[in-house]
Amino acid sequence: MEAFGNTLLEIVQFILGMGPTVMLPVVLFFFALVFQVPLAKAVRSALTVGIGFVGIYAIFGILTSSIGPAAQAMVINSGVNLPVTDLGWPPLAAITWGGPIAAFVIPLTILINIVMLALRLTKTVDVDMWNYWHFALGGTLVYYSTGSFWLGLLAAGIIAVVILKLADWSAPMLQRYFDLEGISLPTLSSAVFFPIGLLGNLIIEKIPVINKISIDPATIQKRFGLFGEPMMIGIILGVLVGVIAQYDLKGILSLGINIGAVMFILPRMVRILMEGLLPLSDAIKGFLKKRYPGREDLYIGLDIAVAIGNPAIISTALLLTPIAVILAFVLPGNGVLPLGDLANLAVFASMIVLATKGNVFRAVIIAIPCIIADLFVATNIAGFVTQMAADVNFQMPAGSTGMVSSFLDGGNPFRFWVLKIFDGDVMALAFIPVIAVVVYGVYRMTKNVVYAEGSD
């Protein structure tokens with residue numbers, strides 16, 4: 001078993017080593033051939049999708065490389081030191097892929113997805129294998145906690161099922177508000193916040209005065225003209241972040257221009273990706289319509305990066321950056337020093353923004369308790385993450401006290417809940433029916449909004 005696991009791990013790491021910009025076009029190409037898409041169209045579409053992702057990741061890299069140092073400057077200027085270092089998601093993903101569970105999660109997730117599709121339990125075809133690490137992380141945490149390989153795999157499988165269902169749930173709103181036709185986003189770090197966003201939006205609707213406040217890019221642009229355009233919003237917010245980070249004039253202006261550029265260019269990169277994806281999606285739907293009536297409504301599951309270009313998401317993330325730093329310092333019991341994941345707040349906030357239909361004001365309010373939960377969870381599981389890092393010989397960052405975690409992905413409350421369930425925690429088990437009832441209630445109360453049945 002161990003030899004097989006090592007061989008499988010080597011194969012998986014070789015495939016993943018190509019990176020999503022290479023791996024995803026290859027997967028989409030073979031996927032297209034299975035559904036009898038003409039060879040020339042399959043090649044062109046798959047390559048266009050890959051090129052679109054190159055552009056998306058490049059521009060997203062500008063966002064993270066600009067916000068990351070500014071966020072770190074906020075932390076340094078505060079003078080506060082906390083014992084647990086926030087690695088951010090890239091090191092956490094690398095640590096997870098090097099663990100004992102990860103190699104088995106890819107075939108497990110593919111099998112689960114196929115079975116759910118065959119039984120009509122999902123509409124999402126999750127081709128984003130790189131992000132299967134999110135499922136693997138949950139399984140790895142359970143493995144480290146229980147010592148059981150099989151319980152770890154079971155946990156990863158359950159997480160995959162839940163995320164596929166959440167991706168289905170949010171897809172209709174994605175198509176309307178983010179203009180992502182035929183796509184769902186089964187990225188755990190964002191998908192789990194969709195029902196929370198819907199619930200928060202329902203609550204805000206009941207609060208007088210607050211429920212009248214609407215701050216979204218369309219309203220701002222209509223009211224402020226040039227200064228309400230996404231590019232200008234990005235520049236203004238970038239300048240504000242630079243001021244809070246105590247940059248000099250050159251740094252403030254550079255940060256403003258960089259964020260403005262992200263706001264302006266990223267949606268165009270998404271359009272390139274969609275140019276390649278739509279012919280594949282249409283051809284696949286045509287194939288299914290002929291052979292399996294009623295199954296032409298499938299979604300292609302992609303990385304959350306395709307949604308990050310929405311101006312409301314970036315605006316929300318920029319506003320949350322100083323808020324997250326302040327919360328980390330004032331919350332009693334928090335031990336995580338936010339660093340690596342602060343630049344990833346756009347991923348965290350994306351589905352909350354979607355649930356509020358782009359209302360930045362509401363999204364920020366709903367996100368604050370979620371950030372608080374993330375900080376406490378990231379502190380709680382720091383021991384597990386530190387042990388995982390040591391087992392795969394991860395090089396600890398300079399200045400680390402030895403304890404590491406991940407503010408957002410490590411602090412994800414859904415994964416933590418699953419961990420506690422498999423630990424046999426009484427409170428976690430008791431919350432299963434409670435959360436099930438709440439989620440079902442939210443589904444029923446927001447059905448018209450999500451699926452546009454009689455209202456928007």
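## Briefing on the predicted model

Of the contacts (heavy atoms within 4.5 Å) in the protein chain with a separation of 6 or more, 81% are between residues 24 or more positions apart. This is a predicted model, in which local features need pLDDT of at least 70, side-chain atom pairs count only at pLDDT 80 or more, and totals for chains, interfaces and linings use all residues. Residues are numbered from 1 along each chain as its sequence is written, and side-chain values use heavy atoms, with hydrogens and water left out.

**Whole chain**

- The protein chain contains 19 helices and six strands, taken as DSSP runs numbered from the N terminus (helices: H or I, at least four residues; strands: E, at least two).
- Of its 456 residues, 54% are buried, meaning under 20% relative accessible area with a 1.4 Å probe, protein chains only.
- The accessible surface is about 19,100 Å², and carbon and sulfur atoms hold 69% of that area; the method is Shrake-Rupley with a 1.4 Å probe.

**Sheet 5-1-6**

- Three strands form an open sheet in the order 5-1-6, with parallel pairing; two strands pair if DSSP finds at least two bridges between them.
- Strand 5 (336-337) and strand 6 (403-405) are the edge strands, each pairing on one side only.
- Strand 1 (residues 84-86) runs parallel to strand 5 and is joined to it by two bridges.
- Opposite Thr85 is Leu337 in strand 5.

**Thr124**

- Thr124 belongs to strand 2 (residues 124-126).
- Thr124 counts as buried because its relative accessibility is 0%.
- Leaving out residues up to four places away in sequence, Thr124 touches Asn113, Leu117, Leu164, Ala167, Asp168, Ser184, Pro186, Tyr299 and Gly301.

Definitions and conventions: Buried means under 20% relative accessible area, exposed over 50%, partly exposed in between (1.4 Å probe, protein chains only).
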